[in-house]
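I opened the model to look up how one chain is built and how the two chains meet. My notes follow.

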Amino acid sequence: MRTITYSQAIYETMREEMARDPNVILIGEDVGAFGGVWGVSGDLVKLFGEDRVRDTPISETAIIGAGLGAAMMGLRPIVEIMFADFLPVAGDQIVNQLAKARYMSGGKARVPVTVRVTTGAPGSAAAQHSQSAEGWYMNVPGLKIAVPATPADAKGLLRTAIRGEDPVLFFEHKMLYATKGEVPDDPDFAVPFGQAAVRREGADVTVIAIGGMLPKALAAAEMLAGEGISAEVVDPRTLVPLDKDTIIASVRKTGRVVIVHEAHKRLGPGAEIAAMIAEEAIGYLDGPIVRVAARNVPLPYSPELENFVLPGVNDIVEKARDLVRGRL
Amino acid sequence: MSVKDYSKTMLLHFYRQMYLVREFELRAINERRAGLIPGFIHSCVGQEATAVGACAALEPTDVITSTHRGHGHLIAKGGDPKYMMAELAARTTGYCGGKGGSLHMSDFDLGILGANGIVAGGIPIAVGAGLAFQQRKERRVALSFFGDGATNEGAFHEALNLAGLWKLPVIFFCENNLYGEGTPQAKQAPVADLAIRAAGYAMPGVTVDGNDVLAVYEATRAAVERARAGLGPTLIEAKTYRQRGHYEGDPMVYRSKAEMDEWKRRDPVVGLRGRLLAEAGIPEAEIAAIEQDVQALLDEAVAFAVASPKPAAETALAGVYGDTHGGLVF
């Protein structure tokens with residue numbers, strides 16, 4: 001085990017997979033000489049050359065389409081879209097082409113494309129550079145959606161995505177890049193999709209925390225413990241596929257659930273998770289299913305306004321406390 | 001080019017393929033009316049020379065992307081009318097097992113990366129295929145068919161820009177049939193010759209008579225040679241005409257009978273037949289034999305589709321993903 005950052009974990013995985021398989025390439029805006037606008041691709045262009053690490057024009061439709069066509073011909077492209085907010089620029093290529101190519105062909109097209117994309121609010125980046133787009137794409141069959149929250153998961157889930165057979169939207173939260181954690185040394189270390197992680201065991205309330213909200217949920221659980229409330233924190237790790245079993249087991253144990261994400265509340269990932277819990281475990285609930293999420297407005301620029309709109313540690317603590325105390 | 005510059009084998013190949021495309025479309029239209037085919041048909045009647053001329057310049061290892069008006073492209077690239085008809089009839093034996101239909105037929109073994117329901121949707125995909133060929137230093141090319149309407153989509157411009165920038169082995173093949181759905185090209189673009197759009201992407205732009213299969217073949221052959229030599233992409237604009245509606249059932253109130261009659265006089269299939277008889281000296285009986293052969297092939301295709309099973313309902317759930325993680329993705 002080594003302790004490295006989330007950003008380093010992603011960089012290392014790309015480096016290892018590119019060294020292992022000549023079919024793995026990286027294409028995107030500023031991924032080469034710049035090293036990635038978030039610094040994630042670093043020196044990959046020096047290690048693998050401009051042929052395999054390609055800077056593209058600012059041209060999201062062409063980037064996704066190029067990844068898809070190259071994948072059909074046998075490559076395993078990693079394509080980087082700089083901000084989740086830019087995914088809709090390539091809307092057709094993602095929703096109608098990438099997601100559906102396999103199915104429309106009767107299962108014959110192969111589309112191993114990993115779309116690395118940054119998500120979440122880095123602070124005063126305002127309405128077009130701060131969004132959490134995970135939920136938008138959960139409604140599109142054919143895509144897989146990974147939301148790594150720790151360096152080990154960033155590494156292990158990315159490896160699964162690159163070696164897999166399907167298009168994956170791999171959401172990297174900007175505020176997690178500098179976070180550190182232990183990562184196994186095994187060069188084949190991979191985290192399977194569809195297996196949630198219980199990050200903290202608890203008895204009174206389940207807090208399901210997605211992506212960048214995990215550190216906040218863990219901080220909230222610590223504060224709740226100080227008040228005598230035992231919170232269990234579950235990290236789904238992938239939203240498609242979703243590990244229903246782990247979530248349901250936790251909810252059955254605690255009888256209460258708070259779902260936390262940075263995406264907007266209305267039809268965010270929590271809406272699907274809440275509906276799933278209602279369908280499959282409502283009889284075990286001792287209170288309403290609670291969602292803590294961004295308010296339903298575009299993200300504002302002002303720090304005061306942004307803080308008001310985004311969910312924080314205190315929001316989680318208050319909601320969980322009220323739920324456990326029977327005040328909801 | 002004159003027909004005298006081509007071997008008889010080649011000329012008869014062109015004619016057979018064009019006649020097959022034409023008759024496949026007419027059969028499909030009839031079978032749709034008769035109830036065998038449940039979905040849309042956007043027929044390519046009148047555009048046989050573009051599909052056949054372009055694909056004749058390709059090798060079997062080259063690939064194409066196609067459009068909503070794609071039956072001709074598929075046949076010209078080697079698609080089997082049996083599996084195409086079965087797909088149109090939504091049968092398990094069809095190219096996509098009944099999951100794609102007319103708008104999404106593909107055969108990866110034949111290098112057919114898919115028809116496409118989205119105008120310009122296939123163009124960036126062809127660029128990606130070209131990227132893979134360049135990356136692996138393979139001498140293959142990707143040819144993307146699209147219509148005049150697609151050249152007004154952003155995807156067209158992004159794809160040409162990237163291919164021009166990276167000198168990818170891609171042929172951008174525009175079938176300018178003068179109409180984007182029900183609106184004439186003159187009301188959709190401020191330029192008459194769409195080939196000039198190539199200039200912005202540092203590639204040659206060529207306009208050819210799209211109803212002349214030999215002109216189409218020569219232009220495509222030059223573009224393919226250029227691409228294989230590593231010199232990059234070409235935009236070909238082939239001017240042609242969609243003789244039927246945008247889709248079967250289109251009332252076609254937006255164009256005149258005089259215009260349609262004029263283009264019927266320039267029908268590519270009838271025109272080539274006449275040239276084979278008059279200029280190449282091929283006997284009528286030889287041509288008639290090819291036509292009979294094609295009709296028999298199509299009888300067989302329809303019979304195959306009719307006899308093929310419809311898919312079991314629950315098979316709708318298969319084939320979304322390569323890895324299903326034990327069924328978790330559903």
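**Chain A, overall**

I counted the secondary structure of chain A first: 12 helices and 14 strands, where helices (H or I, at least four residues) and strands (E, at least two) are DSSP runs numbered from the N terminus. Its radius of gyration, taken over C-alpha atoms, is 19 Å, close to the 20 Å that the globule rule gives for 328 residues, so chain A is as compact as a globular protein of that length. The globule rule is 2.2 Å times the number of residues to the power 0.38. Along the principal axes, the C-alpha atoms of chain A fill a box of roughly 60 × 45 × 40 Å.

This is a predicted model, in which local features need pLDDT of at least 70 and side-chain atom pairs count only at pLDDT 80 or more, while totals for chains, interfaces and linings use all residues. Residues are numbered from 1 along each chain as its sequence is written, and chains are lettered from A and ligands numbered from 1 in the order in which they are written.

**Where the chains meet**

I then looked up the contacts between the chains: 38 residues of chain B are in contact with 41 residues of chain A (C-beta atoms, placed from the backbone, within 7 Å). On the chain B side, α5 (123–135) and α6 (154–166) each supply at least two residues. α5(B) gives the most, with 10 residues.

**Helix α1 of chain B**

I checked α1(B), residues 8–34, and found that its 27 residues reach 38 Å from first C-alpha to last, close to the 39 Å expected (1.5 Å times one less than the number of residues). Just after α1(B), Gly35(B) takes a positive phi of about 100°.

Technical notes: Contact = placed C-beta atoms within 7 Å.
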